[in-house]
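Please examine the sequence and the three-dimensional structure shown below. The explanation that follows is intended to be read alongside them.

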Amino acid sequence: MKKYNIAVVGATGMVGRTFLKVLEEINLPVENYYLLASSRSAGSKITFMGKEYTIEELNENSFDRDIDIALFSAGGSTSEKFAPIAASKGVVVIDNSSAWRMDPKVPLVVPEVNPEDLKWHNGIIANPNCSTIQAMVALRPLQLKYGIKRIVYSTYQAVSGAGMGGYQDLENGIKGMAPKKFNHPIFNNCLPQIDVFLPNGYTKEEMKMVNETKKILGDDNMKITATTVRVPVFDCHSESINVELEKPFDLDELKNVLANAPGLVLEDDIDNCVYPMAVNAKGKNETFVGRVRRDESLDNGVNLWVVADNIRKGAATNAVQIAQKMIEMGLI
Ligand code: A2P
């Protein structure tokens, strides 16, 4: 059986370290790992798979060796510059930044949802935005069974999505200190702004959800709107998703469709107050759905509550699963 060489770019970062944890858990046939980051951490040591690795500085020559797959999570500008260099040397890049997501030559993939898009890659595959990924896992089975006309997203996003700075703002805010990462205090508050505002009044995060959903579900005509909110929660994004389906549905059957969907766990027992929650999703690779109920204001409407670990399924897990799927499909 072929063994692969894998590079992790941004191995010292929040998502990079989670790449390593997930790689330790998911057993891929790997020969060698190479861990890369900036000059700031070059030379430092990381223990991974029971072995000590030295962090290398990423540069133009980093991919001049036998590397099959590179998992990138080192920011948009690093991906913009280095992903094409790696791809030109025959490396398959799985990129966690937003740099390549909307490029028509780059597949945007959630492995449970659109694995067939992996077949047309040109060396770079994009990992979707964290809030989009978990929504896709819950919505694809409904799209396949009933068709989707319109989606209304309202998100409740953890501070870890804003990196270490986001974490520190919440920790420091609890102690009464002023925020540094966010424009306003996040402790005891909800911020209806994630990323910058665009000319249409939406934030960049909101338009990522709209545009990435259309690309992944393969439907440019789908009607989608989003409001994304940062909440004082350390880990895991929660989402209220209102969906207008094309076809009528039976609620028990729809719940059954969700219960049997890949990567999705139905947690829906309101008599016992069971529903997905951030504290339970932390550290898990699955996406959780509950509060499944008919939207009585619409003909074919349904409401969902969807929760996932934004650093795991929303970033690292999804990227590692893409690598795993490509190996399974014989694409690498
Ligand atoms: P470093 O630790 O050397 O700065 P986070 O998103 O948690 O801030 O992590 C960002 C990751 O991307 C870190 O591993 C960081 O490395 C890495 N990184 C940032 N800029 C570069 C760059 N220009 N080249 C390579 N890696 C980079």
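This is a predicted model: local features need pLDDT of at least 70, side-chain atom pairs count only at pLDDT 80 or more; totals for chains, interfaces and linings use all residues.

The paragraphs below treat the ligand site and then the aromatic pairs.

The space that the ligand takes is the largest pocket. Around the ligand there are 13 residues, of which Thr12, Met14, Ser38, Arg40 and Ser41 come nearest. Sorted by class, this shell consists of 5 nonpolar, 7 polar and 1 charged residues.

Thr12 contributes a polar side-chain atom, which lies 2.5 Å from an oxygen atom of the ligand. Backbone atoms take part as well: a polar backbone atom of Met14 is 2.9 Å from a ligand oxygen atom, and for a polar backbone atom of Gly10 the corresponding distance is 3.1 Å. On its own the ligand has 570 Å² of accessible area, and the protein covers 66% of it.

Attention now turns to the aromatic rings. The structure has 6 aromatic pairs. In one of them, the ring centres of Tyr33 and Phe48 are 4.8 Å apart and the ring planes stand at 75°; because an angle over 60 degrees counts as edge-to-face, the pair belongs to that class. Tyr33 is located in strand S2 (residues 30–37), whereas Phe48 is located in strand S3 (residues 45–48), so the pair ties together parts that are 15 residues apart in sequence.

Conventions: Residues are numbered from 1 along each chain as its sequence is written. Side-chain values use heavy atoms; hydrogens and water are left out. A residue is near a molecule or strand if one of its heavy atoms lies within 4 Å of it. A polar contact is a pair of N or O atoms within 3.5 Å; within protein, one must be able to donate a hydrogen and the other to accept it, and residues adjacent in sequence count only if both atoms are side-chain atoms. Accessible areas come from the Shrake-Rupley method with a 1.4 Å probe; for residues, only the protein chains shown count as cover. On a 1 Å grid over the protein atoms alone, a cavity is a set of points where a 1.4 Å probe fits but cannot get out, and a pocket is an open set with protein on both sides within 12 Å along at least five of seven lines; lining residues have an atom within 4 Å of a point. A molecule sits in a cavity or pocket if more than half of its atoms lie within 2 Å of its grid points. Ala, Val, Leu, Ile, Met, Phe, Trp, Tyr, Cys and Pro count as nonpolar, Asp, Glu, Lys and Arg as charged, and the others, Gly among them, as polar. Rings of Phe, Tyr and Trp (its six-membered ring) pair if their centres lie within 6.5 Å; planes under 30 degrees apart count as stacked, over 60 as edge-to-face and the rest as tilted. Helices (H or I, at least four residues) and strands (E, at least two) are DSSP runs, numbered from the N terminus.
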